[in-house]
Amino acid sequence: MSEEIVVIEGDGIGQEVIPAAVEVLDVVAETSDAVDPFEYVEADAGDAVAAETGEALPEETYELAANADATLFGAAGETAADVILPLREAVSSFVNVRPARAYPGVDAVRPETDVVFLRENTEGVYAGHEDRLSEDLSTLTRVVTGSASRRLAEYACEFVADGRGPDHRDGFTVAHKANVMRETDGRFREEVLAVAEEHGVEADEELMDAFATKLPLDPSQYGVVVCPNLAGDVLSDLAAGLVGGLGLLPSANVGADNGLFEPVHGSAPDIAGEGIANPTAAILSAAMLLEHLGYTADADRVRASVESVLADGPRTGDLGGAASTTEMTDAIVDGL
Ligand code: NAI
Ligand code: MG
């Protein structure tokens, strides 16, 4: 059976790193008994299509993403928020999976960092209603449901049970601020810990501010970290800073039936068009896509090849090398 993947390059270096990721997917399909060649459907989103049509995310792209097995997205420029938030909704994603891992051969603030954030992707302050009520007063309502908290926790339990978390830590940590936000984070915390207990999964907890201190001091204590939406956004960016470089970080927005896979970085207008963008984040996003479709061994194969190229080169300029996007991609492809 051949899966349908919607491919949205978007703006800037999205047009350079997504073709690299697609090339990797093609070679994976060629060299794997498990994976049939994918069927790609190209779609537009971002600044360029907004300039042409007035819409950063055309209805057609939304529908394609909503109905595909998976979507691979590069980046948008100024219109990023108008593209990403609806795209995440199109794939009904309830969790944002953000691994932050340091690699041998890459300069990192904390080379021992290997954490995966599972961030609630539909609620919290980002789903709240915000108002500017008067000259002086603005308010925001925060939304937390037991059902979304449980769904995230179920995913986290499956994730650790499947051995997808880092090897150095069992179970997961839930980061929250339930001591202050008792009704919202309090509910989140209770539900997540209850689901962990039901599944016999070891779960510990941290107040998110204390976590923000402890993570950079000693990242090795943490593996899988489950967070509410805003906390997950901020803390995963903090972890990204520990591993050295936006060009390395993939992400997955996972829904019940499909998913949206994207590098964490943006369109990088400062280097776009020069052919020097690091393709790693996009290629690791493609590995997450493979894993989501059930091709775990092939996802591991891609990661192993990326890891060996990061260690021995060729590497792009952001990693201190002099290779082009194509040269680095070719090396990763050769490793497959
Ligand atoms: P950015 O991630 O595009 O770039 C930040 C810095 O990191 C730049 O110096 C860039 O050259 C470098 N960089 C990023 N990815 C790289 C890669 N793969 N290889 C080598 N170097 C890389 O973030 P910035 O500059 O804040 O935003 C630029 C544009 O991207 C803005 O218009 C912003 O709205 C958009 N953006 C889009 C996102 C998305 O579509 N998911 C996410 C973040 C920003
Ligand atoms: Mg962010």
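**Interface between domain 1 and domain 2**

In the predicted model, the centres of domain 1 and domain 2, taken over C-alpha atoms, are separated by 25 Å. Seven residues of domain 1 and nine residues of domain 2 take part in the contact. Domain 1 is made up of two segments, 1-95 and 251-335, whereas domain 2 covers 108-243.

Together, domain 1 and domain 2 bury about 750 Å² between them, and 56% of this area lies on carbon and sulfur atoms. On the side of domain 1, 69% of the area buried against domain 2 is supplied by Phe 94, Val 95 and Glu 291, a share that exceeds that of any other three residues.

Polar interactions were also examined across this interface. Four residue pairs are found in polar contact between domain 1 and domain 2, with both residues of each pair at pLDDT 80 or more, and the count of salt bridges between the two domains is one. A salt bridge is formed by Arg 164 with Glu 291, in which the closest N and O atoms are 2.3 Å apart; Glu 291 is also one of the three residues that supply 69% of the area buried by domain 1 against domain 2.

With regard to secondary structure, strand S4 (93-101) and strand S11 (250-255) each contribute at least two residues to the side of domain 1 that touches domain 2, and the largest share of that side, three residues, comes from S4. By residue class, the side of domain 1 that touches domain 2 comprises three nonpolar, two polar and two charged residues.

Terms used. Residues are numbered from 1 along each chain as its sequence is written. Chains are lettered from A and ligands numbered from 1 in the order in which they are written. This is a predicted model: local features need pLDDT of at least 70, side-chain atom pairs count only at pLDDT 80 or more; totals for chains, interfaces and linings use all residues. Side-chain values use heavy atoms; hydrogens and water are left out. Domain bounds come from an automatic or database domain assignment. Contact means heavy atoms within 4.5 Å. Buried area is the accessible area (1.4 Å probe) that two parts lose on being put together, summed over both. A salt bridge is a side-chain nitrogen of Lys or Arg within 4 Å of a carboxyl oxygen of Asp or Glu. A polar contact is a pair of N or O atoms within 3.5 Å; within protein, one must be able to donate a hydrogen and the other to accept it, and residues adjacent in sequence count only if both atoms are side-chain atoms. Helices (H or I, at least four residues) and strands (E, at least two) are DSSP runs, numbered from the N terminus. Ala, Val, Leu, Ile, Met, Phe, Trp, Tyr, Cys and Pro count as nonpolar, Asp, Glu, Lys and Arg as charged, and the others, Gly among them, as polar.
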